[in-house]
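Dear colleague,

Please find below the structure that I am passing on to you. My notes on what was found in it follow directly after.

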Amino acid sequence: MTNRSLRKTVRLTSSYVLLSLAALFCIYPALWVLLSSFRPGDMLFSETLLPTSFTLLHYKQLFENYPFAEWYINTFKIAMISTAISTVLVMMTGYVFSMFRFTGRKNLMSMLLALGLFPGFMSMIAVYILLNQMNLLNTHAAVIIVSAAAAPLFFLFSKSYFDTIPRSLVEAARIDGAGHLNTFFRMILPLSKPLLVYVVLMNFTGPFTDFIFARLVLRTPEKKTLAVGLYDIVTDRTKLQFTMFAAGCVLIAVPITALFLLLQRYLVAGLTSGAEKG
């Protein structure tokens, strides 16, 4: 074997080893939770990764001992309504900043970008007081409003994409008599399908897995979401139900994984096309 072939073999072997280790670190936590959800008993600790026996009892107990189906419906309702409103706000905010020139535009963009850099929980107390004054505490509307209101802070991605669309297309539509809304919904959105898919995916996973704000606002069991309900299960000091918590985590991951797999091809195509235009 020549020196060149030897170096190539060593480089490929090292790459495969590093990729295998990275895949192992990524897959192991999810695999551990999945196998723990099938483990008999309440404790997650085990001397072996594979359970000695498998059971579906924890999945059954989630629906029998807790209003898990109701939590699922609540979470879906909040996530889907928030996704619809947030997607429209993000897309329209990016479109306005990309296509229109007006006084204070740059200052407004800088302010939104600066606000988006701060962690959301910094404003929780102020938002809580505001919602209390509006009698919206312990309602799903409060979670939806707050999630949707924060969405335009992340307009930069959509603006960058709209910057790549030729302005001549918009001007042609305007000459043909189309209004701003008609131009946006009937011409710009169909051209921005990859971006739209990415925004929908991001706006769905946020409210679906949100815990901090939902925990602050939602109090009664029938109003809880999956994240809040599972947290209460695992922090119940009278019971140790870690394996049931693992089963709930698996059920939470199912719709998100399914949505990601369904939209993945559009997501990859969108990122690639954006890079080409840039």
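Rings of Phe, Tyr and Trp (for Trp, the six-membered ring) are taken to pair if their centres lie within 6.5 Å; planes under 30 degrees apart count as stacked, over 60 as edge-to-face, and the rest as tilted. Please note that this is a predicted model, in which local features need pLDDT of at least 70 and side-chain atom pairs count only at pLDDT 80 or more, while totals for chains, interfaces and linings use all residues. Residues are numbered from 1 along each chain as its sequence is written, and side-chain values use heavy atoms, with hydrogens and water left out.

The structure holds 18 aromatic pairs. In one of them, the ring centres of Phe63 and Phe68 are 5.2 Å apart with the planes at 80°, so this pair is edge-to-face. Phe68 is buried at 0% relative accessibility, whereas Phe63 is partly exposed at 45% (buried means under 20% relative accessible area, exposed over 50%, partly exposed in between, with a 1.4 Å probe and protein chains only). Tyr72 and Phe76 form a stacked pair, 5.8 Å centre to centre and with 20° between the planes. These two residues are four apart in helix H3, and about one helical turn separates them. Tyr72 is buried, with a relative accessible area of 15%; Phe76 is partly exposed, at 28%. One aromatic cluster is formed by Phe63, Tyr66, Phe68, Trp71, Tyr72, Phe76, Phe204 and Phe208.

Helices (H or I, at least four residues) and strands (E, at least two) are DSSP runs, numbered from the N terminus. The axes of H3 (residues 68–99) and H12 (residues 226–234) come within 8 Å and cross at roughly 145°; axes are lines fitted to C-alpha atoms, for helices over the stretch in contact, and angles run from 0 to 180 degrees between N-to-C directions. Phe68, Trp71, Tyr72 and Thr75 of H3 meet Leu226, Gly229, Leu230 and Ile233 of H12, where contact means heavy atoms within 4.5 Å.

In helix H6 (residues 140–150), the buried residues are His140, Ala142, Val143, Ile144 and Ala148. They pack against H3, helix H5 (124–133) and helix H11 (212–217).

Finally, residues 137–157 are 62% helix and 0% strand, with end C-alpha atoms 32 Å apart. For residues 195–218, the span is 88% helix and 0% strand, and the end C-alpha atoms lie 32 Å apart.

With kind regards
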